[in-house]
Amino acid sequence: MRRRVRIQPWWVFGGVLVLLFVALVITYTAGEKENATVTETVIGESVSPVMSWTQKATAGVRDFFARLFGVRDIDREYEELKALAAQYELESQWAQELIRENERLTKLLGFTRKYPQYTYMYASVIGWDPSSWYSTITIDRGSDQGIEVNMAVVTRDGLLGRVIRVYSGYSTVLTIIDRQSAVAAVLERSRDNGVLKGATDQESGEPLCSLYYLSFSADLIPGDRVLTSGMGGYYPKGIPLGEVVEVSRQSNLQSYAIISPYVDFTHLEEVLIITGETEKGNETGETAGADTETSGGQDGGAADDTADDTADDTADDTAEQEGGT
Amino acid sequence: MIVDILFSAGMLLAAFLGQTVALPALGVASLAPNLILSVVTCVALLRGPYAGLAAGALTGCVEDVFFSPGVGMAAIPLAVIGFVLGFHSRRFRSENIAAPPVLAFLGHIASDLCALALLYFTRNQAAVTGAVALRCLLSAVFTGGTALPVYLVCFRVYTRGKRGRGEAHLMMAG
């Protein structure tokens, strides 16, 4: 009679446990191995795609809930970032303005290096006279800073005008394009003298100047540079004024020219006030004058270069008229 | 029978994926219930010692293949818990819904202690701080909490078409 053996659960349990323990010992003591076993490969290959899919699905769910519950945070961050962007925009504009100002001041500095014989004072333009089309401007330097009437005012491009009224903290400058302005001028190439007066283009309204009291035989052509002659005492010698645009010969044995000023009168922000001459400048001027007298005037002042009578008359007129009203 | 096996396998696979992929992706892995243990507990209580042993051993092996330095580190505790709970499942009436959460909680504690012992014997690393202990305790509570809904689902599936819920328990014991 066969006796039926009944498998006890504990036997199965013990067997499985032993198998697992053996597997643990084998796999654990094997350490790092390059290739997985067949069993590991089968399990890994079959389960890992499902894990990958689950990971993607879970990430989608996570992102959905993150967005759902993070709306308030997103709004707050958005507002903060918006404020930050506005702040950076302001700072960027400020930096751009500083860069532009730096460029302008660098050019102004270039002017002072080009004419080192004068002493300068920096000033900002704080107002334009609206009634007379920029013919007078207001600057933020006055008698407190040592500004005096009739001091010449220049920009990086050339002569702007002269101080006509001084207050404690600001001053008014009459520009060379004002009809009441008159500047003793000389043509750089031919050294012919004249008087530069303010004018306005009849058609375009653009600021122009006219160079009067030129002799009929004056040698000038469009493109000639016009400088201050230094006669009259208001303006220092040799400062650029403008460029000849058009020449006209008149029947009364005189000529006049239309001059386009170098200074951009529509974009005035920083100016330099010529407050005096340096000692070096004085010495240079005296030396230059002595040289002029001895050499016959090739490098000298305009007065020395005006050899003919007409020019002498012009120089006299200039001395009287320079400065205008 | 086949449907039950497939259902159990599906539940275990879902628990495995939820435990190893979904919960870490959601950022709650450090303080999360042990879903695998919950399912193994419920299967063992409803289907008996062999089912519990198989569920624990096989799921633990899969977990070990992916994450453990040796096959058996997770499988042995799960197999032991599954078998022991299945073996003693007759002591609990299947209508007693308090048993699964409590047993899953205790199973989680036992599993952690087992893992701690394995770490101690294999790597000599068994430093348990207060924070770690608290985290394990909270995770065990969560495991117990998840065991109840899992148990109800499994109970509904395993007792489908049966008269009365008590018959499921009789079937399991057989």
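**Chain A, aromatic rings and the interface**

Analyst: Happy to! Among the contacts in chain A that join residues at least 6 apart in sequence, 61% are between residues at least 24 apart. Please keep in mind that this is a predicted model.

User: Okay! How many helices and strands are there in chain A?

Analyst: Chain A has 6 helices and 12 strands.

User: And what share of chain A is buried?

Analyst: Of its 325 residues, 36% are buried. The accessible surface of chain A is about 19500 Å², and carbon and sulfur atoms account for 54% of that.

User: Let's switch to rings. How many aromatic pairs are there over all chains?

Analyst: A search of the whole structure turns up 11. One of them is Phe111(A) with Tyr120(A): the ring centres are 6.1 Å apart and the planes meet at 80°, so this pair is edge-to-face.

User: Nice. What sits over the ring of Tyr234(A)?

Analyst: That would be the charged end of Arg162(A), 4.8 Å from the ring centre. In chain B, Arg47(B) lies over the face of Tyr158(B), and there the distance to the ring centre is 5.2 Å.

User: Now the interface. How many residues of chain A are in contact with chain B?

Analyst: 25 residues of chain A touch 29 residues of chain B. About 2400 Å² is buried between the two chains, with 85% of it coming from carbon and sulfur atoms.

User: Which residues in chain A lose the most area to chain B?

Analyst: Leu20(A), Tyr28(A) and Met51(A) do, and together they make up 25% of what the chain A side buries.

User: Last one: how many salt bridges are there across that interface?

Analyst: The count between chain A and chain B is 0.

Definitions and conventions
Residues numbered from 1 in each chain as written. Chains lettered and ligands numbered in written order. Predicted model: local features only at pLDDT ≥ 70, side-chain atom pairs only at ≥ 80, totals over all residues. Heavy atoms only, no water. Phe/Tyr/Trp six-rings, centres within 6.5 Å; stacked < 30°, edge-to-face > 60°. Lys NZ or Arg CZ within 6 Å of the ring centre and 35° of its normal. Helix = DSSP H or I, 4+ residues; strand = E, 2+ residues; numbered from the N terminus. Buried < 20%, exposed > 50% of the residue type's maximum accessible area, 1.4 Å probe, protein only. Contact = heavy atoms within 4.5 Å. Areas by Shrake-Rupley, 256 points an atom, 1.4 Å probe, with all protein chains shown as cover. Buried area = accessible area lost by both parts, 1.4 Å probe. Salt bridge = Lys/Arg side-chain N within 4 Å of Asp/Glu carboxyl O.
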